[in-house]
Structures are given as structure tokens and as C-alpha cells.
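Colleague: I would like to go through this model feature by feature. Please give the general idea each time, then the case here.

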There are 2 protein chains.
Amino acid sequence: MTGLKVNRRKLLTAGAVTGLAGAFGLPMLSKQALAAGEGMEYVFLSVVTQVPFWVDHRAALDDAAAALGVKTRFTGPLDFDTAGQARQLDELIARRPAGIMIFPGDAAAMAPGIDRAVEAGIPVACLTGDVPNSRRSTFFGINGFNAGRMGGEMLAKAIGGKGKVILGTFPAPSVLERVEGYKAIFAEKYPAIEVVDVVNDKADPSYAPTAYLQAIQANPDIVGIGGTDGDSGKGAAIAVNEAGRKDIKIVAMDRNDDMLPYIEDGTIHGAVAQKSYIEAFLAVHMLHWQNTDGIKVVPDWRAAGINPLPETVDTGVMPITAENVGQFKHV
Amino acid sequence: MTGLKVNRRKLLTAGAVTGLAGAFGLPMLSKQALAAGEGMEYVFLSVVTQVPFWVDHRAALDDAAAALGVKTRFTGPLDFDTAGQARQLDELIARRPAGIMIFPGDAAAMAPGIDRAVEAGIPVACLTGDVPNSRRSTFFGINGFNAGRMGGEMLAKAIGGKGKVILGTFPAPSVLERVEGYKAIFAEKYPAIEVVDVVNDKADPSYAPTAYLQAIQANPDIVGIGGTDGDSGKGAAIAVNEAGRKDIKIVAMDRNDDMLPYIEDGTIHGAVAQKSYIEAFLAVHMLHWQNTDGIKVVPDWRAAGINPLPETVDTGVMPITAENVGQFKHV
């Protein structure tokens, strides 16, 4: 990493400062600093990369690359291959990118590789899912509990604050937190709402409709469904259509393009979306600032033995409704 | 705000794009966009502005202004004049700056003014202290409870994990959270540590030494002092010197320049510092991105009715020790 490291202040002192950039009100970077920046690559190593969920992260990687004059890349196993992701991380470290972003399929499996990357001088950020017991700089993502609270609030209002509901989920820790958020807001503000079942839809588009159809048949008196993973909403929408139960109100999670039409036609009442774009846009900026001493918390963060970046960026969530759904489509 | 708003994409289409910036690998901004950016001012309205605590925020305001080609300014009442701060906010709104950062002396007193600013099209961020029940975009600061846990861990290790201690604080909600963090880590990991008193040092440099001297005399068998506001550490250090009790281990909060020499000479064991620089550096960037549609979470965040920025940036804390104290001095 030492070879890649750009110390902007030293270069400004040592190198020939270009006057032209300054004349246009832009940051004054030396030719050397820019040349070094142009060679730097920030790689987002994800998993299940074939699903549409990553479209906003990918757009942000492109935009951050253009804004900073660096390269960015999105990669990772197509399926939920956690061992494959850990292997790819080691291959990536050997290629010495300027920084690595990771959505961990299995946090425990990724932690040793993250520490090896940081040891090799490559800063790491976690996106959407955290690896708290690692040397990553920053976690960018949502507070799942608060996301569940927002979903619960939307569902409660849609059903008039009372009645039996089911929740749909996928048993990953970050998703289960959202279930707890739903339950907490009901207990706190809507005691007349009863959660009669929590359905595992496996976050699988081909299985989810069956899971919700069976749950509706087993609990015919429900008035609402709160879905907490990206495939819950469409699965529940197909199920209520099939069961002829469009009276059941549905709240979905995320903003997959194949779910949004069900909000437009009223089958789904609303959804809770993550700000995925922010995660990748900020992560590239911050890792680049860490490499180029752009954030001057102390003169030398390596010598001080501190993390110069924020610990956590809680991006918060956005409500999608029939009124604003057009803003969430990827055209 | 409409008049000030810079839509970078529209300007790039409509205006004459300068080729020179592009040739140097910098973001291609039109002359019009740069001119508009140069006229934009981001103001940090704080309170008790006379204390040295704000030195890192001020440095970050200067650096962010240079990086973005905008103006930044630090202002606010010299003393803890919360009514004066609320008045200044209204005066500021009338002058229509591009964005406002606020450290609230009294969150309840500032909330209506923050909402008026946002209503007028001026985005607001909160720094160091939050105004959660307001329309601010983002809170940048620490989790006080976690800061207290880190302080408690440092103190516990310094005293060998056992004995009587006192904690020092100032009764503001964000500071009292740190006291709870100290107590929590002791309860969880160090049950042989007993908190025998919590001293109110009023965050007042002239009163704090007296407060700690009296507490030491009342509890002569203490082995440690954990200070949770910026004036606790130096106050406790003066008191142990005066009492001839340099055997008492002290952990301080923050990085005031007049406290750091006591870490160098060993009177204070260590301190827990906030990353104030990050708060202001990121806040100016994010408010500017909000104004210029730099973060494209949705095509039009106003039409979508959503907050395009993160909800919370938890900057985390840094341990200051005898080994790295040199990195924290403001030379």
C-alpha cells in the first residue's frame, strides 16, 4: 500500500502545482497526485451478485469514480456462495486495490480476510451488512430494528391500528432485527395488533408466493402482512391475488423493480427502502480520503493507531407509497 | 432556496462545459456550476464558541470550503446563551445561506428554527449534539454510551480491574449517557469496581478542581476518576496534584490542548476523544451534495418527500494515551 499511498500535502509541497485547476475553483491537486488517484481502484466484493438489489450500489460506484477520478468495480459470486466470497477476498488482496467494500455473506467467514487486507494496508468498509469483529473502517447500512419500526407503523396505519397480521422474513440476523422492530412498534403503540405467525419466505422469489399462500390459508382472519426481506412483498402480493384476498394490506421491504408495480396497482400498500446509493457513494469517498489523508482528524492516523473514518453511517430508510413510487423505478 | 439550487446535470447540459478541468482528471463542472458553488455559504451555528473545543470543527470547515469551492463560516454566542443561539438562527435563515450546521445548546429551543430553515429550503445538519425531533437531514456525532464504555475500559485496565472510583460529569443528556456507559462496562466486565460518587464538575474549568478535591477528601480510598466532559480531566489532574494523590488514575474526555500535557506527564492515564473534524468536513460535503443533487438516491428527493442524506453518522471515538498524545496537539 505504501507505493499507492498519496500524501496530498507532501505532493503539493514537492511537486509542481498546476494553476489551472485552482483558477476554476477546484481543489488544487498536483499532476502527480492526480496521476496516482487515477490509478487507484476501489472494489466492492459482494455476494448473490445476480439479484437486482445491487443496481443502486453499482450506479453509485460509477458516479463516485467519475467524481474522484478513480476506478471502481463490482464483483463477487453470483449465488450465495460464502466460501467463494472468502476465496475471492484473498485473491483481491493479492492484487492490492486501493480499497475494498464488502457485503458479507457470512460475517465470521469474512472477518479474517478483512483483517489481512487492513494488515496489507488496504482499507475496508462494510456495506449493507457489517462485520463488527474486524478491522474494517466503517459500516454503512441501516438499523434493521428502526426499519422494522417504520414498516410496522405503515402497516398499522393501513389496517386501522388493529387486527391479526403475519410477518415474513428470511432468517439472517440483519433481517430478523426488522421483525423485532415490527413487534416493538406494535407493542408500544398498537396493542390491538396481534402477530399470529412469522413466515420464512427464504428470500426466494420462486418459493415466497407458496409460503404466503399457505400462511393465508392457515390464518384466514389476517388483515395485514409485513414483509422484511426484498422478496417478501412480491411473494405476498402474488399470494393475496391467488387467494382472492386483496383486502389484506401488505408492506414490503426494499425497492426491487419487479415489486414496485404492485405498489402502483394498490396490491402492496407501501414499502421501506434502503439508501443503497449512499452506501457505495460515501464508502468510495471515505476510503479514498483515508488513502489520501483527506480527513485530517490527526496528522498521521497510522502513527496514532486510530480509525480516521466514522464508525458507522446509519443511512436511514425511505417510505415508498403510491404517491412517490415513480421516483424509485430504475428506468 | 430555488434561486440558490445548483442542478449540476442541467447546467452541464445547458452550459458550456470547460474542457480544462476534465483534462486534469477532475470532475467536469461547467463555469456556471462553479460560479454558483462559489457563491454558496455553509454556516456552523454553535454555542459557547469561546472554548477551545471547536478548533477541529473550524479546521474542517476551512478544508471543506477549499475542497468544494464554497464558503464556510463558524459563528454563535460566546457563552452558553441558548436564547441568543435561537435568535441567531432566525437571523441566519433570513440571510438564506446554502446550508446550516448546528450544535444545539438547547435542542427544544432550536427545533422550531431548524424546521423553519428546512421549510425555507435550507438543509440543516446537527453536529456533536442532535435535535432528533426536527427536520434536520443528518446528525454527526458520537454514541455517548459507547464513549463511556471505552473510557470505563481504559480506567478499569489502569486500576487493575478493581477498587472504588468516582465519575465526573456535567448534567447534559449527551454527557450523562457517557456516565451510563462507564457504569455498564463495569457491571458487565469489572464487577469488582465500585462507583462511589458521581461529581458534577459543571464543565467549568475554574470550578472543576474544587469539585474533585472535595470528592477525593470525602472518598479517600478511591483509586480512579473517570471524567466525561471536556473539563473533567484537567480539573481532576489539578485536584490529585493538590491532594498529593497522584496514585489515583484519571481517564479524561476530549482533547483540549490544556489537558494533553497531563497525559504526557502521566497525571492523566488517557482520554477518549471525539472526531470533531470528521463531523464538519462530512457535513459540508453532504449538505452541498444535497443542494447540488450529488447523491442520487432518487431522481428528485423533494418530489419523493425523502431525506437523501444518511440519518446518523456515528463518528466513533479515539483513545488518547501517553504513546500517541503527540498526534492530538494543535500546533
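The dialogue below takes chain A as a whole, then helices of chain B, then backbone angles.

Modeller: This is a predicted model, in which local features need pLDDT of at least 70 and side-chain atom pairs count only at pLDDT 80 or more, while totals for chains, interfaces and linings use all residues. Residues are numbered from 1 along each chain as its sequence is written, chains are lettered from A and ligands numbered from 1 in the order written, and side-chain values use heavy atoms, without hydrogens and water.

Colleague: How many helices and strands does chain A have?

Modeller: Chain A has 13 helices and twelve strands, taken as DSSP runs (helices H or I, at least four residues; strands E, at least two) numbered from the N terminus. Of its 331 residues, 56% are buried (under 20% relative accessible area; exposed is over 50%, partly exposed in between; 1.4 Å probe, protein chains only).

Colleague: How is a pair of packed helices described?

Modeller: By the angle between the two axes and the distance between them. In chain B, helix α5 (residues 82-94) and helix α6 (residues 107-119) pack at about 5°, with axes 9 Å apart. That makes α5(B) roughly parallel to α6(B) (angles under 35 degrees). On the α5(B) side the contact (heavy atoms within 4.5 Å) includes B:Leu89 and B:Ile93; on the α6(B) side, B:Met110 and B:Ile114 are among the residues involved.

Colleague: Which residues of α4(B) are buried?

Modeller: An α-helix has 3.6 residues a turn, so residues three or four places apart point the same way. In α4(B), the buried residues are B:Asp56, B:His57, B:Ala60, B:Leu61, B:Ala64 and B:Ala65. Their cover includes β1 (41-45), β2 (71-75), β3 (99-102), β4 (124-127) and α12 (276-292) of chain B. As for length, the 14 residues of α4 (residues 55-68) of chain B should span 20 Å at 1.5 Å a residue, and the end C-alpha atoms are 20 Å apart, which agrees; the expected span is 1.5 Å times one less than the number of residues.

Colleague: Where does A:Val48 lie?

Modeller: A:Val48 is in the loop between β1 (41-45) and α4 (55-68) of chain A. Its phi is positive, near 50°, in a residue other than glycine. At 21% relative accessibility, A:Val48 counts as partly exposed.

Colleague: And B:Ala203?

Modeller: B:Ala203 is not a glycine, yet has a positive phi of about 50°. The loop between β7 (193-200) and α9 (208-218) of chain B holds B:Ala203, which counts as partly exposed at 25% relative accessibility.

How values were computed: Axes are lines fitted to C-alpha atoms, for helices over the stretch in contact, and angles run from 0 to 180 degrees between N-to-C directions. Angles under 35 degrees count as roughly parallel, over 145 as roughly antiparallel, 65 to 115 as roughly perpendicular and the rest as oblique.
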